[in-house]
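Please open the structure in your viewer and display it as a cartoon. Keep the selection tool at hand.

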Amino acid sequence: MSADPQKGGQVAPLLSSPCAALGSGFQSSRREKYGNVFKTHLLGRPLIRVTGAENVRKILMGEHHLVSTEWPRSARMLLGPNTVANSIGDIHRNKRKVFSKVFSHEALESYLPKIQLVIQDTLRAWSSQPEAINVYQEAQKLTFRMAIRVLLGFSIPEEDLGHLFEVYQQFVENVFSLPVDLPFSGYRRGIQARQILQKGLEKAIREKLQCTQGKDYSDALDILIESSKEHGKEMTMQELKDGTLELIFAAYATTASASTSLIMQLLKHPAVLEKLREELRAQGILHSGGCPCEGTLRLDMLGGLRYLDCVIKEVMRLFTPISGGYRTVLQTFELDGFQIPKGWSVMYSIRDTHDTAPVFKDVTVFDPDRFSQARSEDKDGRFHYLPFGGGVRTCLGKHLAKLFLKVLAVELASTSRFELATRTFPRITLVPVLHPVDGLSVKFFGLDSNQNKILPETEAMLSATV
């Protein structure tokens, strides 16, 4: 710690690296040296980094009276003032009420068939490629398509969708840039991308509001507009644009990260994939002969897949997409023996808390059975496991994210064979979200009715048969 937050014993220095809070090895070494509360730097500003269930619990449960949400300035400006993430107090509570219906059980049931179709189409496209694909890049395209087509219900032409995706990537890459508005700076590129996105989103929203015929389900934008009316406030066009941009942001990068991690772990642990297939056979989702059963998945069907739930939980424990969350201190309080002064910034670390949680045995091992009913390693203390945060700012879209990952896992186990296209697995980086440094190169194959791989030349012959 620096000289300001006093505690007896060793005092940690202020760390000068602007990206200090982002490096896993760097932070673990500082944690081992100085403990679970220490001072570092992020984007040019001093920051208190916090690890451990009890410390994190105090931060998360202290929202609105001890601490208040604080995203880096670049993120606040680029995401916009009308977002749930940037709102505080009563405004935040009211916005969460409006947005909560977007992720209700009824809404998820409505999205599910569309999500399954998008994933099925994507896996068929991956399998038809003669060469290996870059999983992380393709997962980003998949989650973006899901957000635009399913969540928001926009009918944007494919060419325009591809252009919008490129602009959105530029936006995301600069959300956490240094907030310096100069020509050619990352922040300026982020501002330019936001302006293009807002223009495209306004066009899509207006077209959607004018054309309501032929719809077979209520999408998130429909529910958002209706929910705001129920709460006595009709949303302005700017609020709708900011709201849709936030929904895309929430559904995009973190879900793409988790999807890539899921595929990597199924590749690394074939016994886990086979056990998952056994569960699908036992539940009648996958025939004993190998081919998937006809029909769409249902929420109650997915809810009954206990091992699948364990797999998704373990992916999110060991490969949490984001490092943690940011808060600003509203009043001086004590944390782990330190006095944290009013006005200081705090980051609670999700990843470090998972890595050091005493309730988990062999924390570095990928072991889905740790979440089984027999072991339930997460039952002792809710703040040891928090991939979606906690408290009043728990991720609103967590159930949608888990639903997407479960459908992806079911479709991968049912309809795909895939293998690593490189000699070794790639190194993992944590910036801006957790992902493989080279994107993870994987070759996908289609399956015949006995779940045997269909090679590209065989598939071409079959498709040519009359």
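Predicted model: local features only at pLDDT ≥ 70, side-chain atom pairs only at ≥ 80, totals over all residues.

Residues are numbered from 1 along each chain as its sequence is written, and side-chain values use heavy atoms, without hydrogens and water.

**First stop: α5 and α6.** Select residues 105–128 (helix α5) and 135–151 (helix α6), whose axes come within 10 Å and cross at roughly 145°. Helices are DSSP runs of H or I with at least four residues, strands are runs of E with at least two, and both are numbered from the N terminus. Axes are lines fitted to C-alpha atoms, for helices over the stretch in contact, and angles run from 0 to 180 degrees between N-to-C directions. Now display the side chains: residues of α5 including Y111, I115 and W126 meet residues of α6 including A139, L142 and M146. Contact means heavy atoms within 4.5 Å. The residues of this contact divide into ten nonpolar, one polar and three charged.

**Second stop: α7 and α8.** Select α7 (158–173) and α8 (186–210). Their axes come within 8 Å and cross at roughly 145°. Among the contributors to the contact are L164 and F171 of α7 and A193 and L197 of α8.

Which residue has a positive phi although it is not a glycine? Select D336, where phi is about 55°; D336 lies in the loop between β6 (333–335) and β7 (338–340). Most residues other than glycine have a negative phi, and most peptide bonds are trans. Finally, select V431 and P432: the peptide bond between them is cis, with omega near -5°. P432 is found in the loop between β10 (428–429) and β11 (435–436).

Terms used: Nonpolar A, V, L, I, M, F, W, Y, C, P; charged D, E, K, R; others polar.
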